[in-house]
There are 2 protein chains.
Amino acid sequence: MPITMTRSTQDYLKRIYELTECGLPASTNDLARELDIKPASVTGMVQKLAAEEPALVEYHKHQGVTLTPTGKRAALEVIRHHRLLETWLVQTLGYSWAEVHEEAERLEHVISEDFERRIAAALGNPTRDPHGELIPTEDLNMPVDDTTPLSSLRPNQSATIQRVNAQDPNLLRHLDSLGLTPGIQIEVTEYSSFDNNLTVKVGQKANVLGLNITTKIFVEIK
Amino acid sequence: MPITMTRSTQDYLKRIYELTECGLPASTNDLARELDIKPASVTGMVQKLAAEEPALVEYHKHQGVTLTPTGKRAALEVIRHHRLLETWLVQTLGYSWAEVHEEAERLEHVISEDFERRIAAALGNPTRDPHGELIPTEDLNMPVDDTTPLSSLRPNQSATIQRVNAQDPNLLRHLDSLGLTPGIQIEVTEYSSFDNNLTVKVGQKANVLGLNITTKIFVEIK
DNA sequence: CTTAAAATTTAGTCTTGCCTAAATTATTTT
DNA sequence: AAAATAATTTAGGCAAGACTAAATTTTAAG
Ligand SMILES: [Mn+2]
Ligand SMILES: [Mn+2]
Ligand SMILES: [Mn+2]
Ligand SMILES: [Mn+2]
């Protein structure tokens, strides 16, 4: 019984990986929302992934789902494809960081391991994608991430933007226009405990950012 | 009723295009062989393509199938993707002409029109792929091909290789090793009417080529 | 502790695209 | 022209993956 790695399977495993990064199992509903598939269908698929030999996920009714080591490796394979592709589309075809996600989302399932190696080599084995997200290594390990959400900073703290965990093109274009991109230095000057807004200085300009933005930007504190 | 353009649909249309280039309808069996799908299944799919609104193919029981203008445009779209991708994989990632076909076969179905435009521009809007095959134009017209099969040449005729109509990696590697690639000058020195072998001089070397090879190489007679 | 709300699962369908086996039609041979 | 062979179509099924509606379980409220 070789494992059937369909597009669908790959998307499930990728989303489960992302949802379980926090350490908790992924719930049926969350998974359904992320995949844009009805919860009832997700239950069915998750049961199948758990019944696979070897199992790709561990599943306990009403308790959510986690990846087995096999499932995790498969997820990291797809994530590596995705992030290498994004990097490559930006570097060689002039895509903007707002546009790459959608294209990579389709390509990630069809490229060969040879293709993966070729673009990785052509790019000089990059460690981060255009959004600053870490790229799983060739032997499928995810480097440790030691960044902090911008939302947890307080006035007088300075930091460097490391990564932006967002795919929405509109949000990404907005951040681009504010200069909030990986590598940029920022300083927090104000904090409002009522709405959790942060005032963030980028170069000369100061911007007031809500939680919707500050929880998606991860920084290294200086 | 918008047309459903699945991978499967695209592969059928592409093969039908290729099989009907000679002017005759494509038979169920030929299509089944090319697609590696059982004839019974092909009949079913062809009936569906004909019932689509607007129809993608014209189909008459036991008489084979041809493309409608709509189906032809869809086929040329896929073929343009395929050939641009091949060109691009060879030029930017160092693929050999023997390796590109398989990768392009999967990518052709998932790239966006934006991606198509970007690689076409990056390559300088090429007119031929690595095998010398003509690339359909952006407005989906196939340039006219005025080449002659090498098999029809006779002793003392000289020609330039224009294109090689083959996907088999082993054959392509073989031709590569003989120096039989697009742009190369050749001269026919001998012909055997018994086995239809041609002796073809490439530079200093002479090679005796059978019909299996000479019908797949297309040349421009000098 | 009981009830209402929310989350999840089960049961039953549907579509796509393929397959096998059997029936039919077309083409060759004799 | 009949028989044999080849090509094609029909009929019936199956697996993947999705959906809706109904049942169940868990969680939150009162
Ligand atoms: Mn995907
Ligand atoms: Mn990314
Ligand atoms: Mn294909
Ligand atoms: Mn080609």
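Analyst: We begin with metal sites. Donors are N, O and S atoms within 2.8 Å of the metal (3.2 Å for Na, K and Ca), and water is not among the atoms, so sites may look incomplete. This is a predicted model, in which local features need pLDDT of at least 70, side-chain atom pairs count only at pLDDT 80 or more, and totals for chains, interfaces and linings use all residues. Residues are numbered from 1 along each chain as its sequence is written, chains are lettered from A and ligands numbered from 1 in the order in which they are written, and side-chain values use heavy atoms, with hydrogens and water left out.

User: Which residues coordinate the manganese ion (ligand 2)?

Analyst: Glu86(A) (OE), Asp129(A) (OD) and His131(A) (ND1) coordinate this ion, at 2.1 to 2.4 Å. Their spacing in sequence is E-x42-D-x1-H.

User: How is the burial of such a residue judged?

Analyst: Buried means under 20% relative accessible area, exposed over 50%, and partly exposed in between (1.4 Å probe, protein chains only). Glu86(A) is therefore buried, at 1% relative accessibility, and His131(A), at 3%, is buried as well.

User: What coordinates the manganese ion (ligand 1)?

Analyst: The donors are Asp11(A) (OD), Glu108(A) (OE) and His109(A) (NE2), at 2.2 to 2.5 Å. In sequence they follow the pattern D-x96-E-H. Asp11(A) has 22% relative accessibility and so counts as partly exposed, whereas Glu108(A), at 1%, counts as buried.

User: How does one describe the surroundings of a DNA strand?

Analyst: A residue is near a molecule or strand if one of its heavy atoms lies within 4 Å of it. Here 20 residues surround DNA strand D, and the closest are Thr6(A), Thr28(B), Asn29(B), Gln47(B) and Tyr59(B).

User: How is the meeting of two chains expressed?

Analyst: The size of an interface is often given as the accessible area lost when the parts come together. Buried area is the accessible area (1.4 Å probe) that two parts lose on being put together, summed over both. Chain A and chain B bury about 1,600 Å² between them, 58% of it on carbon and sulfur atoms. On the chain A side, Leu93(A), Val110(A) and Arg118(A) lose the most area to chain B, together 37% of what that side buries.
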